[in-house]
Number of protein chains: 2
Amino acid sequence: MSPTNPAANRPARTNGKVTVIEVAAEAGVSVSAVSRAFNPNGSCSDKMRKKVFKAAEKIGYKPNRLARGLKSRSSLIGILVTDFDNPAYLAILSDFTSAIQKRNCHSLLINASQQLNIAEAVELVMQYQVDGLIVTSTTLPQRLVEACQKQNTPVVIFGRRSRENLATVVCCDNVINGRMAADLLLDAGYHYPAFVGGPIGVSTTTDRQRGFINRLIQRGCDHWTVCEGGRHSYDAGFEATCKLFRARDRPDAIFYADDIMACGGMDAIRYELGLRVPEDVGIIGVDDIRLASSRAYNLTTIRQPFSDMVNTTVDALFEHIHNKDLPPKHITMPCTLIVRSSTRAPGIGAAQN
Amino acid sequence: MSPTNPAANRPARTNGKVTVIEVAAEAGVSVSAVSRAFNPNGSCSDKMRKKVFKAAEKIGYKPNRLARGLKSRSSLIGILVTDFDNPAYLAILSDFTSAIQKRNCHSLLINASQQLNIAEAVELVMQYQVDGLIVTSTTLPQRLVEACQKQNTPVVIFGRRSRENLATVVCCDNVINGRMAADLLLDAGYHYPAFVGGPIGVSTTTDRQRGFINRLIQRGCDHWTVCEGGRHSYDAGFEATCKLFRARDRPDAIFYADDIMACGGMDAIRYELGLRVPEDVGIIGVDDIRLASSRAYNLTTIRQPFSDMVNTTVDALFEHIHNKDLPPKHITMPCTLIVRSSTRAPGIGAAQN
DNA sequence: CGACTATCTGAAAACGTTTGCATCATGTCA
DNA sequence: TGACATGATGCAAACGTTTTCAGATAGTCG
């Protein structure tokens, strides 16, 4: 019971678990000293820190993040995912978790695609006192964004623009993307373009369609058609394409809202309809998923810079976390046209234009 | 200060957050009553529960899962993922999160593919006091499994068998899968089979290889070759295949450790080498990812029942959570051969055998 | 050598729950 | 009617941290 060892006379409750208390006892310092030693910005001398670490190491102490989260930050980031169909999301998830881990936080992954609606998902994730929330491939009703803000939890929306200016958004300008697709197809001499969309009412799809169609009209193309696509999946693309070709006026070029749909569509055109790509039908998608650059598809597409978008999203989220009254902002990332062999080279067959 | 309202005279600390204390005050009951009302197996009358819920609803109370986790379960399940290359994992993740959410728990997703090694990943996830841990596409060193068990956290390993019998494992018998592939190729009259593997030292790959080669030998085929594949990716399959065909003895059939590698390989064979599938080269993969059934690839493969495997894994994990001294078990799920058009029909060209 | 900072350190009060124990109704049975 | 079991309720002590506040310990400067 020496006076230099203030924790020694504390009853050592040794019920298995090793906590700060045990570390304090072992190192002969106070509990607060241990806490500070483990906190990067705790005021604590080097000697103390070394002593504490040594004791902690010796008795195998690991901090309890739940307990820590009760007083300070949980270091949990919620990731809300609704679209598990789009193959691009595997790399996106990998990048998100990785970027979050780099900041010594971790990812609470919520699947809002099936049983859960978005409101329930948000409520659940908030129960874990997440430090921030990333919402992917869907937009958040104003009401929910406000609910998060009331709890002081910043939200960043990934990949969808949202009408209200409440939350920070990272996405691409899909109207421009639609325009790019229209220009490419017309330049390559296609005459009857079609658009195959994703889920109804989703801003990415509607924006792409709007940009596409408006540009067609603007350039004097008055012969086009549109097909609601359904899910972001191979099968949806396949079927939408078959449907498109059952009509009397068959398109000679298709802009798909999505690469995976474009792949399904290309297979329908080649193997179901027996037509050639790009000679008979030109195809262009969006995303540039891995499969797009495969030799089998070699798809012309508009690349979304997913990896950059993810990093930007996480950066923005942590900015908001560290500075709570930063105003929300809209960040638009540029897309690039990747011309491969699912469209004819510009100029060829363009005589009629 | 009526005697029927024990919480009314408690100082109402009203610092914004609404907690059990506020609910108790609102409902005029004790804090413990509120807690019990919110816990399905808390002893509590219907009248009380109704009263508490009404008060909670009125003032917008949401339980704090972090605080709850401090005393009882965290309702967090860790999911360790190392393989973000294999496209099958998107659906697997979707199924895992969904199955976990059905049990009113949530998924802490740890990416152990890049910066983090497995030991660090496990340690991190344990800091969140997860109720259980799912380890996918990798095995856990005995030391780590023991560390988890010491903390009373059950572990289930998904998709890999592990040498030690410490943790519960859900996987397929990949030796059998290798045998199936060998039989199919020999039956179809291929003579010089090759195996293209995934990452070195991974049990799935080595098992498939072993089953495959042993069966070839057993059936008198003494002409075969093997190629280490590298990652589970399209590019790895593509390149391994090119390498294979640069040798003097070109195989006429390839068993890939993985569908996505098989797709890369098929493209190499068709577009890089100018050979026909299945006439010149037969191809078989494992997994039956969505892409395998696309018209472009239409790949013969061995289907792993991923969805069932996920459910079995989660079932097993929760069994262990609820009954801590259940012994670990090995669960082997049956795979099915899906014959498509990347292999010749059995019998054709089999004269030489 | 004394006063004054600057830096470390410790005690104790949170953080929001759950739960063991004690109490108190309420109903049951002889 | 009294003894007793049953179930609902409240009190208060955990759970493992962080953090405020105050005290102690050097360090600096005149």
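Select domain 1 and domain 2 of chain A, whose centres, taken over C-alpha atoms, are separated by 36 Å in this predicted model. Chain A is divided into domain 1 (6–63), domain 2 (76–172 + 305–333) and domain 3 (174–304 + 337–352), with bounds that come from an automatic or database domain assignment.

Next, select strand S11 (residues 330–333) of chain A, where Ile331(A) and Met333(A) lie on the covered face, while His330(A) and Thr332(A) lie on the uncovered one. In a regular strand the side chains alternate between the two faces of the sheet.

Now go to chain B and select helix H6 (residues 118–127) and helix H7 (residues 142–150), which pack at an angle of about 5° with their axes 11 Å apart. H6(B) and H7(B) are therefore roughly parallel to each other, a term that covers angles under 35 degrees.

Finally, show both chains: chain B can be laid on chain A with an RMSD of 0.0 Å by a turn of 180° and a shift of 0.0 Å along the axis, the superposition being by least squares on the C-alpha atoms of residues with pLDDT of at least 70 in both. The two copies are thus related as by a two-fold rotation axis, and the C-alpha of Leu108(B) is the one in chain B nearest that axis, 2.3 Å from it.

Residues are numbered from 1 along each chain as its sequence is written, and chains are lettered from A and ligands numbered from 1 in the order in which they are written. Because this is a predicted model, local features need pLDDT of at least 70, side-chain atom pairs count only at pLDDT 80 or more, and totals for chains, interfaces and linings use all residues, while side-chain values use heavy atoms, with hydrogens and water left out.

Methods:
Buried means under 20% relative accessible area, exposed over 50%, partly exposed in between (1.4 Å probe, protein chains only). Helices (H or I, at least four residues) and strands (E, at least two) are DSSP runs, numbered from the N terminus. Axes are lines fitted to C-alpha atoms, for helices over the stretch in contact, and angles run from 0 to 180 degrees between N-to-C directions. Angles under 35 degrees count as roughly parallel, over 145 as roughly antiparallel, 65 to 115 as roughly perpendicular and the rest as oblique.
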